[in-house]
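Trainee: I would like to learn how to read the features of a model like this one. Could we go through them together?

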Amino acid sequence: MTLSQAALAEIRYGYGFRPDRKPAPGPNALLAGLAKPDPYLTETDIPSFAERIAYREVQTEANKARSKQAANAKELLKNARGVREKIIVQDFRALFSQPVLAWVPFRERLMAFWADHFTVSMRVNRDTVLMMDYLQNAIRPHVAGRFGDMLEAVVTHPAMLIYLGQANSIGPGSVAGKRRGVGLNENLAREVLELHTLGVSASYSQADVREFAELLTGFTFDKDGFRFRQRFAEPGAETVLGKSYGGEAADLAAVKAALRDLSLREETARHLATKLIVHFIGGEPVPEHVDAIAEAYLSSEGDLMATYRAFLDHPEAWVPELRKAKQPFDYIVSSLRAVGLKKKHFREFKLREYRRFFIQPLINMGQPLMQPNGPDGWSEDPADWITPAGLTARIHWGNALAQRHAKSSDPRKFLKEALRDASSDDLRLAVSRAETKHEGIAITLASPDFNRR
């Protein structure tokens, strides 16, 4: 089986085929699509940051009433739950409909890549409502821009500040630190160096982490979003990787300069190049491919379009072997694209249906929505996704989808539209021999051909 570039573009760099969409025929088409304005940047169905912060305040008030056993606690908690459910049903609708309906699925795959690179995980109800705002406002605007701008947006977003405890990190020598006697939190500084920029194998020291953490003090947020509080910030210059930042008074500009310098280091370029290859292609990265991507990244000062161009222009980007397994979210999205789910369907789903058809199945498949176990994100190893339990959950979910879709689709036509030239002779034979329409569609959705990318 030899895959065309169009098939590889749709499977490897997108979320699979839709019956009503033409696939991008190769690297130029992928990049041309990415260069177009992003329609989801002006998405009006996504709650605003102000609405999310207002909910957090309502929930905090309700929690206080419950702890004090106040007479109105039950009513306040019910009201808070209602506000939260209104927000999360809109968020679920956007999270699933955007990649399923996307005309430029490469952008949505890059969204997922960068969201995982800059992992944020929330398990407290009061904070989970910030997640979609983080994706929409810290990551999406910069997917085709400069990495340094995305880094700054991510590091200053309230979701990241909460996740890594930065909002409560106070410089020991600051005005607030001397009065309160509270300590420094190094989490954000460490993850920016280790995961977001230089990489775990880069040559930085604990002293670099410590001084970078002191430089980041003062980063917090209020009802309007990010806020730099100088009275929380450690005074004096800090030295990170041999360069001094700041002066006697704490200065936000000094932090931005440090982030910019980190974004343009060679270690960062090579770290990002390697991650792109591992995520999209899999296997051991070819050194020449890493070199080409890193060189383009550095020569363009972190321009991501130039970086993607170097990535896609290399022959390694189009090797025919599909080495990756679709993660559960990818599997659900690609299945819904294959059946041609439309916008009206997402609008018709209630919260309980999102939970039953999407959220719980993701848990069963091993990938609870936006809740990786640590700041290093989800595993890129196919063996971690194609497990007995995970595969069983996929088969059950695909079987249920097939039962719904079989009423209006011939399984042989479905196979042709869902995989184009990526289906094997064995799969085509198995589908043609299926006893029922539902069984034929379920065989396609459960097949190795469909689950690879």
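Mentor: Let us begin with Ile395, which lies in helix α20 (residues 388-405); helices here are DSSP runs of H or I with at least four residues, strands are runs of E with at least two, and both are numbered from the N terminus. This is a predicted model, where local features need pLDDT of at least 70, side-chain atom pairs count only at pLDDT 80 or more, and totals for chains, interfaces and linings use all residues. Residues are numbered from 1 along each chain as its sequence is written, and side-chain values use heavy atoms, with hydrogens and water left out.

Trainee: Which surface patch includes Ile395?

Mentor: Ile386, Leu391 and Ile395 make up a nonpolar patch with about 210 Å² of accessible area together. Patches take residues with over 30% relative accessible area and no salt bridge, joining like charges within 9 Å and nonpolar side chains (Val, Leu, Ile, Met, Phe, Trp, Tyr) within 5 Å. Areas come from the Shrake-Rupley method with a 1.4 Å probe, and for residues only the protein chains shown count as cover. Ile395 has a relative accessible area of 42%, so it is partly exposed; buried means under 20%, exposed over 50%, and partly exposed in between.

Trainee: And how should I read the nonpolar interior?

Mentor: In soluble globular proteins, nonpolar side chains tend to be buried together. A nonpolar core is a set of buried Ala, Val, Leu, Ile, Met, Phe, Trp, Tyr and Cys residues joined through side-chain atoms within 4.5 Å. The largest one here has 136 residues, and Tyr13, Trp114, Tyr134, Phe212 and Phe358 touch the most other members. Helix α4 (residues 73-101) supplies the largest share of this core, eleven residues.

Trainee: Which residues does Phe212 touch, not counting those up to four places away in sequence?

Mentor: They are Ala189, Val192, Leu193, Val240, Ala258, Leu259 and Leu262, where contact means heavy atoms within 4.5 Å.

Trainee: How many salt bridges does the structure hold?

Mentor: Side chains of opposite charge can pair when their charged atoms come close. The cut-off is a side-chain nitrogen of Lys or Arg within 4 Å of a carboxyl oxygen of Asp or Glu, and the structure holds 25 such bridges. One of them joins Asp261 and Lys243, at 2.9 Å from N to O. That pair links distant parts of the chain, 18 residues apart: Asp261 sits in helix α13 (residues 252-263) and Lys243 in strand β4 (residues 243-245). Asp261 is partly exposed at 24% relative accessibility, and Lys243 is partly exposed at 43%.

Trainee: How do strands β1 and β2 pair?

Mentor: Strands pair if DSSP finds at least two bridges between them. β1 (residues 219-222) and β2 (residues 225-228) are antiparallel over four bridges, and a hairpin of two residues joins them. Asp222 has Gly225 in β2 as its bridge partner.

Trainee: Where is Gly218 found?

Mentor: Gly218 is in the loop between α12 (206-216) and β1, and is buried with a relative accessible area of 1%. Its C-alpha is 4.6 Å from that of Arg229, although the two are eleven residues apart in sequence. Beyond neighbours within four places in sequence, Gly218 contacts Ser169, Arg227, Phe228, Arg229, Phe232 and Ala233.

Methods:
Buried < 20%, exposed > 50% of the residue type's maximum accessible area, 1.4 Å probe, protein only.
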